[in-house]
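I opened a new notebook page for this structure. My plan was to look at the whole first and then at a few parts.

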Amino acid sequence: MYVTDEAEPGSTPLDGLVDSLRARDAASDGQDRPVAILWTDPGREWEGLLPVLKGRLPELIALGSYEPDARTGPAIWLRCVVDGTLNALDPPADRTPILYLPGFERGQLRAGEQCPAEVRPLVELLYRGVPWNHPNGRDWTVAAFLGSPKGVGLDIAGDRATLEALRAALAEVAVRPVAQLRGRRLDAADFGKLLVDDFRRDLLRWMGDPDATRARLGEAKWTAFRRQCGDELDFDPGTEADVAAGERLGEGRGPWAAIWNRYAEAPDAYPGVEALLRRSRPAGELAFDRERWPDLNDEDETAAREELSGLPGRPAAEARDAVLALEAEHGRRRDWVWARLKHSPLATALEPLAGLAAAIRSAIGGAAPDDIAATYADTGWRADAHARAALAAASGPHAALVASIVRHLLEPWLQDTATAFQEAVGRTPLPRRGEQPDVEAREDECLFFVDGLRYELGRDLAVRLERRGCRVSPGHRWAAIPTVTATGKPAVTPVADLVEGDTLRADFRPAIGTDGGQRPPRPAVVGELRKAMEERGYQMVGDGTLDLPLAAGARGWLETDRIDKFGHRHEAATFARLVDQELETVAERIVHLLDAGWRSARIVTDHGWLWLPGGLPLVTLPRHLTESQWSRVAVVSGDATPEVPRHPWHWNEGQWFAAPPGIACFSRRDEYAHGGLSVQECLIPDMRVERAAATGVAAAITSITWRGLRCFAEIDARGGAVTADLRYESASGPSVAATAKPVQEDGSVSLVLAGDEHEEAQLVLVVTDAEGRVLSQQPTRVGENR
């Protein structure tokens, strides 16, 4: 695939076509580099792109009448160009000539004596050159290339009207950013819209690439375009310099405001305009509207970097307040076009950094672990989520700076929170074996074990599932301690009652027996746990197996360990990005389970983790006092009594393990570690996911208007009664309305915020049916009308 999902912003089908053609210019299988790339086009579908392609591909020459200046000529002339026997045309020495042959298919070149005379001189090039064609050997049609995963990968309807409209609009489709064409099925109406004359679009394209735009328009349209620019803008692109247009665009006065708005809608569609603006701003002129000038945005980024660079040397409380002040100053730049073009990385990073700064204003405390869990589940988890988001968003030269600020803000809060949690556990121990509900699947339910899915990741996963039309019933439980997989995983399986602990082993693993005691207990490794679950009728679901339930009332088990592996193997910034991708993968897998026939999925995990860019602090535990020593947990040797906290093993309270105080590590300063006692390690999600049932009720939010703290909304509801509510941050967040209200018959509803503490918060207006299923949702803020 030549225009991939990871392509640069603004990548177009034309870029994909150029890359695909040039990809054939390579030696393969021990053969020499080809002398020519043969592009046959029996339907002449690509012919309309020749003027633009010749500007992008100096090695492209076409079969046609003899016009050497236009790089067009008969077959014998093309053959001489390839063989280098003509001085009239000198293609780039580092590029293999691309021969475009309109009106002919590759099979005709292979027809021997039946080969048409017009292309017979090129037959020999079949053996020294390579074709540009579909992997199935056929000639690439426009629809095939644009729709194939080996081409551009668009979703294009296959009816005749669509294919005809596509061919007619090809010149426009070719230069439209792929991101604007993906995500939906394209049909005749979509392509028809591209054929409508649009002088604003053409002006922006001219500003980005004057010569190519004029060539694409042709003389007749170019003359009309100049006339319209003069009539509407008092500007003539034929006689005035492009920088004159750039200056007027940046000023955005009068009719040029509409041109700017068009650019701001999709700046990546006009990649040359940014460079033009950089050389168009009048020197020394004071710009009151900084938004339109990319070089002024660069200055703001530099100022933000200088301020942020000094924060790690300031007291944490001062640094926290400084981040919030910088967010107030620079946050508006995230709405500028330069942020969408990825020129405002620090303005982008300030959003999660400010979220972190706000979330750590007070440490989490409580008399008992359940008190701390309640506070963490309500607000505290956001500190960890914002820290992870900040590193995931940071890249390039700014990544180290953002990581240092995250560390400076997060470390004291983590330390205070962990100390408070450990003191609470000292007063009220965590639940012992048998003191929490067993983990079992319902009929037609699959248990999905996600290793290392700490609580804040569970909240993130719930939001992703709700966006996919799922209903999530959130919950949490306490992990078995120490918080390592060997101890924690057996406790969240449906065979936990068969698990037993004798002596605490160096690997912290208990043993598992069988129903009825038919065989002696064995170490509770993955294979033994699965065997025990299968003996109880659980269906093992996994790679290489069918996801669908194999019997009525089936109970399933599926597991993945990628998050925990990523944590142990990758540095902080890479881990943050990989986790984000993995949550998408997990969400898709859950949806796939529901699509395959499982009525629900229950998501469980074994432990959370501590995470700090630059590494957690270190405390020393002499190795001769331990049988094994991991980052956050150790097995103490014999009667040794090291001066570190000790706690009873979940599987045998007569066996004790050692854990470091606070957030420290024993053996090395890992950025990612678990095994000890902190709310991040011990509080784990336990949630059930179902497909939101179709009720026949539908709703859409058509408008939102704020007056003070009251939200007025218009809802288009059909099929039954619906209720509106305001929730905090996400559709699954807590309600912040004084009361949820039913939508009136005329579609109107008004909601009042329960308090002014949410006046500046991100809110979500949700519409639900009688069962509480979210039918529609719309982000909003106080004062933000839609």
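My entries below go from the whole chain to one helix pair and then to some strands.

**Entry 1: the whole model**

I noted at the start that this is a predicted model. I looked up the confidence next. The mean pLDDT of the protein is 88. I also found that 95% of its residues reach 70 or more. One stretch made me careful: over residues 1-9, pLDDT stays under 50. The model has 24 contacts beyond four places in sequence for residues 1-9.

Then I took down the overall figures. The protein has 786 residues, and buried residues make up 52% of them. Its secondary structure comes to 27 helices and 31 strands. Along the principal axes, the C-alpha atoms fill a box of roughly 95 × 65 × 60 Å. I also checked contacts with a separation of 6 or more: residues 24 or more positions apart account for 68% of them.

**Entry 2: a helix pair**

I turned to helix H19 (residues 345-359) and helix H21 (residues 399-427). At what angle do H19 and H21 pack? I found about 10 degrees, with the axes 10 Å apart. Angles under 35 degrees count as roughly parallel, so H19 and H21 are roughly parallel to each other.

I listed who meets whom. H19 brings Ala349, Leu353, Leu356 and Ala359. H21 meets them with Val402, Ile405, Val406, Leu409, Leu410 and Trp413. By class, I noted 10 nonpolar residues in this contact, no polar ones and no charged ones.

**Entry 3: strand E15 and its partners**

I followed strand E15 (residues 555-560) to strand E8 (residues 445-450). Six bridges join E8 to E15, and the two run parallel. Here Phe449 stands opposite Glu559 in E15.

Strand E14 (residues 538-540) also pairs with E15. I noted three bridges between them, again with the strands running parallel. Met540 stands opposite Trp557 in E15.

**Entry 4: a three-stranded sheet**

Last, I looked up an open sheet of three strands. In what order do its strands come? The order is E25-E26-E29, with antiparallel pairing. The edge strands are E25 (698-707) and E29 (748-752), each pairing on one side only. Neighbouring strands of this sheet are turned by 25 degrees against each other on average, direction ignored.

I then went into one pairing. Nine bridges join E25 to strand E26 (residues 710-718), and these strands run antiparallel.

Conventions: Residues numbered from 1 in each chain as written. Predicted model: local features only at pLDDT ≥ 70, side-chain atom pairs only at ≥ 80, totals over all residues. Heavy atoms only, no water. Axes fitted to C-alpha atoms, helices over the stretch in contact; angles between N-to-C directions. Helix = DSSP H or I, 4+ residues; strand = E, 2+ residues; numbered from the N terminus. Parallel < 35°, antiparallel > 145°, perpendicular 65-115°, else oblique. Contact = heavy atoms within 4.5 Å. Nonpolar A, V, L, I, M, F, W, Y, C, P; charged D, E, K, R; others polar. Pairing = 2+ DSSP bridges. pLDDT = per-residue confidence, 0-100. Buried < 20%, exposed > 50% of the residue type's maximum accessible area, 1.4 Å probe, protein only.
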